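Good morning, and thank you for coming.

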Amino acid sequence: MLQEGPILVYSVYASDIPRFEQLLARGLPDVPIHCATSPEEAAPHLADACILYGWGFPPEILKRMPRLRWVQKMGAGVDEIIKYWPFGPEVALTRTAGELIAPRMAEYVLAAIIEQTLHLGTARAQQQKRKWSYFEVGSIRDLTVGIAGLGEIGSALAEKVHGLGARVLGWRRSRRDCPCVDKVFVGKADLPRFVSNSDVLILVLPLTKETKSLFTDDLFARCRRGTHIVNVGRGGVIDEPALLRAIDAQLIGHATLDVFATEPLPPDHPFWENPHVTVTPHICGPLVPEDVVPHFLAN
């Protein structure tokens, strides 16, 4: 396959391109490699490329790649590609193993939980006022953490959270035991019981017909009062206006969100100024070239 034509590497993060070029050139010294950070930069190479290795590319460029035989997604999710997939089995679609991204995502999730549990926001607010006043902090060991989505990444998160002493619940579509999960809830019928038993909800779900706007008013109403929700899966699984209503009603105490229905998050979105929402720009599972390129080369 490699000898049929060049590889097009596409990343919206221009700063990563030199590292991708260096690592790929070292591993595939005889293969032409072209890089792009935008559709305009990719355009001259679409007609000849046989392999597309990328993240953040608009799916419509696939229709302009007549020699394409393989798409390797740099990230672990392919839902946004499948929705517009124009090919049959003649073009292979693969993704990066979630286990390569999971360690960095676990650090993000643990940091989000610890920040809220230890009330570090209160400490920062007091510091700005030069106020020395005791406040009580919590412990992860006192929490029940629910993880929706127990694939490669969700299972790795369960192991880390369980290792710090939390009780861990899981929710998935089909029944299968998962190490480090104290109880697994299965199917949509079990979802209300799952959320009602969790102090922290971690969402690691793909975006599908079944999960789109899965978390809406009815489900938020079943949450424990003050629940902390952390979304590191796909933004579209949350009905965002419903989440804001749940925050206003204090059903959700805080939302740590790394993914959104529309990205980049529009400047006028109410999440930006809500004190009970932490916004990060889709950074929790960074596609570090040194982490993901070896997987591509092995494929």
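I shall speak about the overall build of the protein and then about one of its pockets.

Let me say at the outset that this is a predicted model. The secondary structure consists of 10 helices and 12 strands. The radius of gyration is 21 Å, close to the 19 Å that the globule rule gives for 299 residues, so the protein is as compact as a globular protein of that length. Along the principal axes, the C-alpha atoms occupy a box of roughly 65 × 50 × 35 Å.

Turning to the interior, buried residues account for 48% of the 299 residues. Of the contacts between residues at least 6 apart in sequence, 59% join residues at least 24 apart. The exposed surface comes to about 15,200 Å², and 53% of it is supplied by carbon and sulfur atoms.

I now come to the second largest pocket. Its space amounts to about 250 Å³. Which residues lie nearest the centre of this pocket? They are Gln 116, Thr 117, Leu 143, Gly 226 and His 228, out of 15 residues in the lining. Two or more lining residues come from each of helix H4 (98-117), strand S10 (227-231) and strand S11 (252-257). Helix H4 gives the most, with 3 residues.

What is the make-up of this lining by class? There are 9 polar residues, together with 3 nonpolar and 3 charged ones.

Conventions:
Residues numbered from 1 in each chain as written. Predicted model: local features only at pLDDT ≥ 70, side-chain atom pairs only at ≥ 80, totals over all residues. Heavy atoms only, no water. 1 Å grid on protein atoms, 1.4 Å probe; cavity = no way out; pocket = protein on both sides within 12 Å on 5 of 7 lines; lining within 4 Å. Points joined across faces, edges and corners; volume = space filled by probe spheres on them. Helix = DSSP H or I, 4+ residues; strand = E, 2+ residues; numbered from the N terminus. Nonpolar A, V, L, I, M, F, W, Y, C, P; charged D, E, K, R; others polar. Rg over C-alpha atoms; globule rule 2.2 N^0.38 Å. Buried < 20%, exposed > 50% of the residue type's maximum accessible area, 1.4 Å probe, protein only. Contact = heavy atoms within 4.5 Å. Areas by Shrake-Rupley, 256 points an atom, 1.4 Å probe, with all protein chains shown as cover.
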